[in-house]
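Me: I am new to this structure and have some questions about the terms used for it. Please show it to me.

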Amino acid sequence: MENKTQQSNVQTRKDALKDARKDGKVAPLDSVSRKGERLSRARRLRQMLESAELAFLMEAHDGMSAKIVEEGGFQGIWASGLTLSAAMGVRDSNEASWTQVLECLEFMADASRLPILLDGDTGYGNFNNVRRLVRKLCQRDVAGVCLEDKLFPKTNSFIGDHHPLADVEEFCGKIKAAQDSKSDDAFVVVARVEALIAGWGMGEALKRAERYVDAGADAILIHSRRHDAGEVLEFAERWQNRCPLVIVPTKYIKTPLDSYRRAGISVAIWANHLLRASVRAMQKTCAHVQEHGTPARLERAIAPVDELFRLTGNHELQQAEKRYLRNRHSAHLRAVILAAARGRGLESLTGTLPKAMLDVKGRPLLKRLVSVLTQCGAKQVGVVRGYGKEHVLFEGAQFFDNDAYDRYGEAWSLYCARSMLRHKKGSCVICYGDILFRRALLDDLLDCQGDIVLAVSPKGATENTQTYRRQDNKRDIVKATQSYRRNYFHQWETIELTGIEEKTSITQGDGEWIGVACCSEKGKQWIVEELEAMHQSHVLQDERADLPLLFRRLMQKGKAVRVFYTPLPWLDIDDVHDLGEAHRDT
Ligand code: SPV
Ligand code: MG
């Protein structure tokens, strides 16, 4: 007899819905409207309540659990007061403030696209607190709030007896206030009837539910702590489908779901299961590690670290870095500074210190260089030291020793730091240790496309900005497929190196390599392979094995080395004269 009545309820409800859909009054339970627009979260929650299907909300208490609920295939989230509090380590007695709850909700709403129904307890105060709460929930795209007719501060429904209930009139005022304060029409206000919990009986529960619906509640949550579903099924039967019903089958967990379907219940909430599952998993993990002294044997039983990265969307961040970072290299950028030489022409000043450690306006040259590279995003800076290596040690760099600094050329120094080029990911800047440049120059170089790109001071610029340089000083003179043009777009033009040699006169080339190069992942690989080849054939173990030789060999093998002309000023400290200029200039 009971089942029959329940079945006929469902039938009525389904028929009513069918008609409403035909008339276009109720959208199908879908996340997209008929016009193809994505429905708001509040609209989707409303649909769940209004659907003839039994729907489920799964509890979540933070961003991670919200994400897991979404991936788990649920249609919505119950932001449980109990688990939000417990996850913060406090009691479900309004010990967490409402703004702390709001903050958690914000993480949850960001982490998942599901509609969230907040367990708003008693509304954290009177009607006025409810108004502010609802305004804030709408702003944060929370789909609805469930208010319970108890007193602030509330007690969890499964603790203690004789819970005091709110005055009906006062509670109706909160429901009206909630409805009046929402900025999204679809935002859902659920009124939770605690009369059965408080032992006030079925009559009181029905009477209150009626009043709450009259006050504007969109749905009624009828709560029971009995271990069978008798109370809620009886309520549903007597309620006669006046508005959607929500239940929380925590205690009467064994009731078959079809009983709820037959009773015409709209939404069942699994209110605390994810937190309970993770508490047990955490306790087991602690016990295991205590017992065995190590989590080594747990690796397969727990989520891999990569799973945390996946759940928190690290892949998206990597894509975004490519699009938005000032230069696309920064994420894994490294740099190698070749600073092994004593410095010819500076013997009077390099009695003990190598030239890279000479003071330039109160700070060693090398430290200035490391700081420019770091500012440009280099995550790791390697310094190859040789002469006076005991004086080359400071924080912020990793050191490599070249003890053959006075016998072999710079290519050998680079070979000493080849491990820096072997990192699979990210670009690497290679630069001499006796130069100074500003950040803008390196930023521009890093923006340049190419597997090996040399920063070249173009002919005109070199002559204008570096007039103090001695004419007989040797420089790395560059010839390229194109000379520098004062063209806005030159930075994006593909200009390739055709020759690089030590010469004294700039007039013989298109510009001067300033001693800074940037290599892509592929470029790094070419360099490592070429250095190994040079090593095998003993070309590397020679004082003439400098970086221009390395670049020429790469070019001969058909590897494109690019030229990036920069008119920005830079300094090359070759002798006492240069150092004097650096003091005046920097
Ligand atoms: C919650 O999840 O916080 C609830 C449901 O309010 S219950 O714990 O059953 O009261
Ligand atoms: Mg609660």
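Reply: A polar side-chain atom of N156 lies 3.1 Å from an oxygen atom of ligand 1. This is a predicted model, in which side-chain atom pairs count only at pLDDT 80 or more. Residues are numbered from 1 along each chain as its sequence is written.

Me: What makes the pair of N156 and ligand 1 a polar contact?

Reply: A polar contact is a pair of N or O atoms within 3.5 Å. The N156 pair lies at 3.1 Å, so the term applies. S80 has a polar side-chain atom 2.7 Å from an oxygen atom of ligand 1. For R192, the value is also 2.7 Å.

Me: Which residues are around ligand 1?

Reply: Among them are W78, L82, D119, F158 and H223. A residue counts if one of its heavy atoms lies within 4 Å of the molecule.

Me: What makes the crossing of α6 and α7 right-handed?

Reply: A crossing is right-handed if the near helix is turned clockwise from the far one by less than a right angle. The crossing of α6 and α7 is of this kind.

Me: Which residues of α3 meet α5?

Reply: They are G63, A66, K67 and E70, and they meet F107, M108 and A111 in α5. Contact means heavy atoms within 4.5 Å.

Technical notes
Chains are lettered from A and ligands numbered from 1 in the order in which they are written. This is a predicted model: local features need pLDDT of at least 70, side-chain atom pairs count only at pLDDT 80 or more; totals for chains, interfaces and linings use all residues. Side-chain values use heavy atoms; hydrogens and water are left out. Helices (H or I, at least four residues) and strands (E, at least two) are DSSP runs, numbered from the N terminus. A polar contact is a pair of N or O atoms within 3.5 Å; within protein, one must be able to donate a hydrogen and the other to accept it, and residues adjacent in sequence count only if both atoms are side-chain atoms.
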